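Dear colleague,

I am handing over the structure below, and after it you will find what I noted in it. Please read the notes beside the model.

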Amino acid sequence: MSQITIFKAKKIITMDPNCPEASHVAIRDGKVLAVGGTDCAEPWGGTQSRDDRLQDTVLMPGFVEGHAHMMAGAMWQYAYAGYHDRIDPDGKLWPGMQDIDAVISSLKTHEAALPADTPLVAWGFDPIFLPSARLNRHHLDQISPDRPVAVIFSNFHLMCVNSAALALAGYGPQTEAEGVLKDSAGAPTGELQEMAAMFPVMRRMGVDFRSLAQQESSIRTYGKVAKRAGVTTITDLFSTMEPEDLEVMLKVTAEPGFPLRIVPAQGAIGATPEQIAAKAKSMAEQSTNKLRLGAVKLMTDGSIQGWTARVKWPGYVGGHPNGLWNTAPAQIYELCEVMHREGVQMHIHVNGDEAAEVSIAALEAAMRKNPWPGHRHVLQHCQMMGVDQFQRCAELGISANIFANHIWYFGDQHAALTIGEERAQRMDASRSALDAGVNITLHSDAPVTPLAPLFTAWCAVNRQTMSGRILGEAQRISVMEALHAITLGAAHTLKLEAEIGSIEVGKEADFAVLGADPTAVDPLALRDVPVLGTVSGGEVHLL
């Protein structure tokens with residue numbers, strides 16, 4: 001019989017209502033054998049050992065991040081150009097840049113160290129925080145008139161490139177392509193919106209998110225990023241994994257000591273709906289304990305702060321035209337029908353409320369044709385969804401993964417510049433979703449915002465913006481509701497609630513190791529609770 005290891009903690013928050021708190025947890029074969037007091041494992045006999053390394057910590061179920069991207073760690077091989085301070089996978093602080101001149105200066109320094117034939121790629125930039133002229137090719141030409149330069153915006157739905165990069169793709173006054181912005185004289189400004197416009201430049205500059213994410217080093221770095229955040233299960237939404245990539249993923253995730261369970265969702269592009277469904281089902285057969293496959297992600301609209309999300313009347317407050325469809329409504333209907341019919345779970349990107357409206361209607365139409373109890377389809381972001389839409393989700397069994405981080409990062413800008421005060425008050429409406437009976441989780445969309453579930457929970461609890469105001473007090477949720485959302489709520493969206501999300505007998509021994517009790521601190525201090533590491537399958541991984 002395998003050895004039993006008993007961990008002692010200052011407090012164990014189990015998220016199991018039958019035993020909400022404990023002081024000890026017993027583990028055998030990587031799973032929870034018993035939870036309770038010092039003698040909880042006594043009935044099991046056998047060889048038992050005690051591990052007191054965690055006796056001064058608080059344990060929670062390992063956090064589950066239901067919307068992130070595996071390039072979150074690998075993006076750091078590019079230059080950081082963001083407004084906010086960020087910490088890289090090794091713990092180094094990168095100060096944010098508060099004006100375009102600072103961005104240009106930083107990128108000039110980076111450019112000077114590059115080999116002559118290497119394009120300059122930066123990421124994390126967001127013009128909505130900068131009151132000066134919008135970043136354009138003339139700014140980036142100052143960095144280099146000859147070397148291709150691309151600055152990927154923080155939302156990953158837009159980018160700005162210099163004249164050399166535009167030339168690589170053949171973009172000029174003659175270009176008539178959606179998403180290639182032009183100035184009053186008809187020349188491209190350098191700003192490219194959404195993938196159809198961005199991809200020709202990215203391909204020629206060698207910016208390949210698939211290869212970036214699927215390298216062995218990137219997968220291991222993902223594990224490091226997750227450990228710093230207390231995350232033990234994480235998604236890779238919109239994966240473009242090919243068979244050779246799957247071999248790498250299986251190899252790395254099976255390595256002893258790898259601290260993370262990864263749940264990729266294949267991007268629903270590049271093939272017919274039937275082919276996409278068949279690929280998802282084929283991949284599902286190769287799932288392991290550390291790698292769960294078989295879901296897909298649909299990309300509908302764009303980004304609200306980039307004015308590319310599809311919003312209902314009256315549109316954007318600044319007079320911007322409505323956003324772009326990455327997948328046309330007719331295609332959304334077709335994809336939903338086929339995926340649902342074939343038993344493939346869908347995660348559907350919906351930032352704007354028009355995109356949510358189309359997606360809910362498409363899912364309802366698919367369900368009418370082919371009933372499937374327990375489908376667990378998930379709307380992702382859900383930023384502008386109203387009470388009526390959440391009620392329909394509850395009726396249809398659709399979960400909502402809410403982008404709560406936007407309240408702090410972009411709340412002030414949304415109220416002033418994108419959708420106006422009234423709609424901003426109900427953005428990322430966790431309270432409305434819960435009251436409607438919808439299963440919710442909360443997410444970071446890393447690397448769009450940093451992977452930090454306790455911060456994400458803090459956003460949903462406090463709804464405080466960068467200026468310190470409370471944006472939408474009526475949409476606040478309790479600390480326990482937020483902690484449920486980043487554990488069991490997220491596990492439910494991944495169809496894994498029988499295995500993870502709480503500390504109870506039979507589940508994986510996956511824990512977040514904390515330096516304080518998140519249920520005991522002031523709700524405003526929730527984001528400051530220290531993360532000391534994780535336990536994955538009974539293996540301790542401290543920072």
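A residue is called buried here when its relative accessible area is under 20%, exposed when that area is over 50%, and partly exposed in between, with a 1.4 Å probe and protein chains only. This is a predicted model, in which local features need pLDDT of at least 70 and side-chain atom pairs count only at pLDDT 80 or more, while totals for chains, interfaces and linings use all residues. Residues are numbered from 1 along each chain as its sequence is written, and side-chain values use heavy atoms, with hydrogens and water left out.

Helices (H or I, at least four residues) and strands (E, at least two) are DSSP runs, numbered from the N terminus, and contact means heavy atoms within 4.5 Å.

Buried and partly exposed positions

Ser303 sits in the loop that runs between strand E17 (295-299) and helix H10 (329-341), and with a relative accessible area of 1% this serine is buried. Once residues up to four places away in sequence are not counted, Ser303 touches Asn155, His157, Glu194, Thr308, Ala309, Tyr316 and Asn351.

Thr441, a residue of strand E21, is buried as well, at a relative accessible area of 0%. Apart from its neighbours within four places in sequence, Thr441 is in contact with Ala400, Asn401, Ile402, Ala485, Ile486, Gly489, Ala490 and Thr493. From Thr441 to Val358 the C-alpha to C-alpha separation is 21 Å, and the two are 83 residues apart in sequence.

Ser432 belongs to helix H15 (residues 430-435) and is buried, with a relative accessible area of 12%. Its contacts, leaving aside neighbours within four places in sequence, are with Val387, Phe390 and Gln475. With Gln475 there is a polar contact from side chain to side chain at 2.7 Å; such a contact is a pair of N or O atoms within 3.5 Å, where within protein one atom must be able to donate a hydrogen and the other to accept it, and where residues adjacent in sequence count only if both atoms are side-chain atoms.

Ala177, by contrast, is partly exposed at a relative accessible area of 33%, and its place is the loop between helix H4 (163-169) and strand E13 (180-182).

Helix pairs

Two packed helices are described by the angle between their axes and the distance between the axes. The axes are lines fitted to C-alpha atoms, for helices over the stretch in contact, and the angles run from 0 to 180 degrees between N-to-C directions.

Helix H11 (residues 353-369) and helix H12 (residues 387-396) pack at about 25 degrees, with their axes 11 Å apart. They are therefore roughly parallel to each other, given that angles under 35 degrees count as roughly parallel, over 145 as roughly antiparallel, 65 to 115 as roughly perpendicular and the rest as oblique. The crossing of H11 and H12 is left-handed, a term for the near helix being turned anticlockwise from the far one by less than a right angle, with right-handed for clockwise. On the H11 side Asp353, Ala356, Glu357, Ile360, Ala361, Glu364 and Met367 take part, and they meet Gln389, Arg392, Cys393 and Leu396 in H12. The residues of this contact divide into 6 nonpolar, 1 polar and 4 charged, where Ala, Val, Leu, Ile, Met, Phe, Trp, Tyr, Cys and Pro count as nonpolar, Asp, Glu, Lys and Arg as charged, and the others, Gly among them, as polar.

Helix H9 (residues 273-284) and H10 pack at an angle of about 35 degrees, their axes being 9 Å apart, and their crossing is right-handed. Here Pro273, Glu274, Ile276 and Ala277 in H9 meet Glu334, Leu335, Val338, Met339 and Arg341 in H10, a contact with 6 nonpolar, no polar and 3 charged residues.

Backbone points to check

Most residues other than glycine have a negative phi, and most peptide bonds are trans. The bond from Trp313 to Pro314 is cis, with omega near 10 degrees, and Pro314 lies in the loop between E17 and H10. A cis peptide bond also joins Ala446 and Pro447, with omega about 10 degrees.

Phe238, in strand E15 (residues 231-239), has a positive phi of about 75 degrees although it is not a glycine. Cys382 likewise has a positive phi, of about 55 degrees, and at 1% relative accessibility it counts as buried.
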